[in-house]
Amino acid sequence: MAMLEVKDLTMYYKTLRGYVKAVDSVSFELEKGKALGLAGESGCGKSSMATTVLRLLPSNGNIMGGSVKMDGKELVSLSEEDFRKEIRWKRMSMVFQGAMNALNPVHRIGDQIMEAILAHENVSKQAAKDRMLNLLDMVGINPKRYNEYPHEFSGGMKQRVVIAMALACNPDIIIADEPTTALDVMVQAQVLTAMEGLRKKMGLGMILITHDLAVIAQTCDDVAIMYGGKIVEYGSAKDIYLKPRHPYTMGLVKAFPNIAAEKQKVRSIPGSPPNLLSPPEGCRFNPRCPMATDKCRTEEPPLVKSQKGEQKVACHRESEIEEGVDIWQ
Amino acid sequence: MAIVADKVTANPNVKVGEVILDVKDLKKHFPVRRGFFASLKGGPNPVLKAVDGVSFQIRKGEIYGVVGESGCGKTTMARTLLKLTEPTDGEMWFEGTDIAKLGHAETKVLRRHMQMVFQDPYESMNPRLNVSYIVSEPLRIQNVAKDVDEALPRVLQCLEDVEMTPVEEYIGRFPHELSGGQRQRIAVARALALDPSFIVADEPVSMLDVSIRGEVLNLMQNLCREKGVTFVYITHDLATARHICDRIAVMYLGRMVEEGTADDIVGDSLHPYTQALINAVFVPDPNKKQLGQVLKGEVPNPINPPKGCRLHPRCPKFMDGVCNVTEPELVEIKPGHRVACHLLKNN
């Protein structure tokens, strides 16, 4: 049994103009110690997915259905009080996007990490401090700097502090939402190397949310590609990158510039992502898809095992796409 | 002003490959304000050397990439090239005029030939103006057209050039009615309005989704190939620079460390910093794991850069007594490939 099982999870934001279908019957699993990458364009619902699983939704976010199970225990029906006491941060924590804003500028970083420990666990201040120093050391920050303020650290170091904070209560799963998007390539490589080391050492499960396919390729075992609030392709990283089966994934992989490849034209996917207030009928990708037929415009494709590959794909015409054929030409 | 206008008018005899902009020892230093008590200690006020002695030539009809981490001075350099900030020292020869010395009125004339595309398409446009106003604004400022109606033919042409068709559909739209990629194309159209020969694009795609970056980059490439517009493409993303640029310059802490053709820089880089930068760019291929091969530490404070080679505290090939003593010059290793590193002189 997988450590985290998400099944048909649906979350809509209620707005004056109707429901924004940000997460629409999404299913995936995460095994202990594995890393899952959630990739997609901005506005495809990947961050909403994370906040739904951790139940950090704003007041207009409604979970409309589905289940989230951790070690077989249902989390959606858990009361807010129990979720806060038992799950959030102790079993599952989050690394927020933009470390610059995730830290409080007027508190010392050591105090901020200790606060997370003391709020969730009944330990003495001294024990919390020892653990905080240990955490800083683990993420590669000199523990002597614990009484400095966030502005005294660089962006990459602040991101490490946020990671230390996420690890404060020894969680089993961390959800990292664009942990390196605001960082330079060099610092990004440093932070991801540190995260990967910690994950291996502590046997953490990780859900990495990013639009950067290269980051996922370097760190994740499994990948789920999201489009318009749905998962359109889900499988192992190798299958998805090397033998993508969904037209959107094919376009996305091609559009990603590869520095190691021959010099070529940079590709793009024409059109723009759907408005999730009123997503297109049928397959949500059909207005941008070069292969769309009438069936694609009326009937929604289910996420099923691919007929030609190992991964799961949500596309009506998947069986017609020959391997290696470039449908975006 | 008319005389000056003649001086900077594009030379019709200039052929592709000729030098359009010749920058010599360009410097931009910003004074750093000190607190009251710190100033009592006396001594000169510290300066932040954002661009510190950079020389290069840009040829007509090429895309010249400037790559580096944040804080390396690439945006300051871009702004200085267009005189959006005044250079502290150095020369910038643009089609026979040293534009570093031009005054305010002359600079305004110069802008007919040099334009800029800014990083953030969400902030670089007035949300209350529609597309026709936005694109015609340079024409109105330069008195080429007295109002929007007069500028309309040119505006339509520019929108067609950036492939915003059918033009009639977009002309009356406001920025919030456009997607990020469309907005950035409007920004390019605005830069094209005066038919400049030289455009600086400062991170034009860093705010856009990966799936639509190609639109803007290919547009730049087409404009360059078909209309002969020269582009300077400022970016931190070596992967896109590799695919669209003819030549790439790598900057570190206000200095240029390596310059060469895109193939030389990516395939045959000689400077340890360039090599580290290329290693840090992840490849979207799960079979090639590359975590763990990175430079230690972070970019030092440019107010007080390290002595000698600025990279030496982080450099894996550091040579004591050489790198921390003298600053290496940018020397030509082979035609068109310049590198600033002591390692190469010794071999």
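Reply: Happy to! Let's start with handedness: a crossing of two helices is left-handed if the near helix is turned anticlockwise from the far one by less than a right angle, and right-handed if clockwise. Keep in mind throughout that this is a predicted model. In chain B, the crossing in which α5(B) passes α6(B) is right-handed.

Me: Where do those two helices lie, and at what angle do they cross?

Reply: Helix α5 of chain B covers residues 131-141 and helix α6 of chain B covers residues 148-161. Their axes cross at roughly 110 degrees and come within 9 Å. Angles of 65 to 115 degrees count as roughly perpendicular, and α5(B) and α6(B) are therefore roughly perpendicular to each other.

Me: Which residues of α5(B) and α6(B) meet?

Reply: From α5(B) come Ser132(B), Tyr133(B), Val135(B), Ser136(B), Leu139(B) and Arg140(B). Facing them in α6(B) are Val148(B), Ala151(B), Leu152(B), Arg154(B), Val155(B), Cys158(B) and Leu159(B). Sorted by class, the residues of this contact of α5(B) with α6(B) are nine nonpolar, two polar and two charged.

Me: Now for the two chains together. How many residues does each chain bring to the contact?

Reply: A general idea comes in handy: the size of an interface is often given as the accessible area lost when the parts come together. Here we can count residues instead: chain A brings 39 residues and chain B brings 40 residues. On the side of chain B that touches chain A, the elements giving two or more residues are α9 (210-227), α10 (238-244), α11 (262-267) and α12 (272-280) of chain B. Of these, α9(B) gives the most, with eight residues. By class, that side of chain B has 20 nonpolar, eleven polar and nine charged residues.

Me: How does α9(B) pack against helix α10 of chain A?

Reply: Helix α10 of chain A, residues 247-255, packs against α9(B) at an angle of about 55 degrees, and the axes are 8 Å apart. The residues in contact are Gly251(A), Leu252(A) and Ala255(A) of α10(A), with Val210(B), Ser211(B) and Gly214(B) of α9(B). By class, this contact of α10(A) with α9(B) has three nonpolar, three polar and no charged residues.

Me: Stepping back, what is chain A built from, and why can it be called as compact as a globular protein of its length?

Reply: Chain A has eleven helices and twelve strands. Its radius of gyration is 21 Å, close to the 20 Å that the globule rule gives for 329 residues, so chain A is as compact as a globular protein of that length. The C-alpha trace of chain A spans about 65 × 50 × 40 Å along its principal axes. Buried residues are 50% of the 329 residues in chain A. Among contacts in chain A with a separation of 6 or more, 65% join residues 24 or more positions apart.

Technical notes. Residues numbered from 1 in each chain as written. Chains lettered and ligands numbered in written order. Predicted model: local features only at pLDDT ≥ 70, side-chain atom pairs only at ≥ 80, totals over all residues. Contact = placed C-beta atoms within 7 Å. Helix = DSSP H or I, 4+ residues; strand = E, 2+ residues; numbered from the N terminus. Nonpolar A, V, L, I, M, F, W, Y, C, P; charged D, E, K, R; others polar. Rg over C-alpha atoms; globule rule 2.2 N^0.38 Å. Buried ≥ 20, exposed ≤ 12 C-beta atoms within 10 Å, placed from the backbone. Axes fitted to C-alpha atoms, helices over the stretch in contact; angles between N-to-C directions. Parallel < 35°, antiparallel > 145°, perpendicular 65-115°, else oblique.
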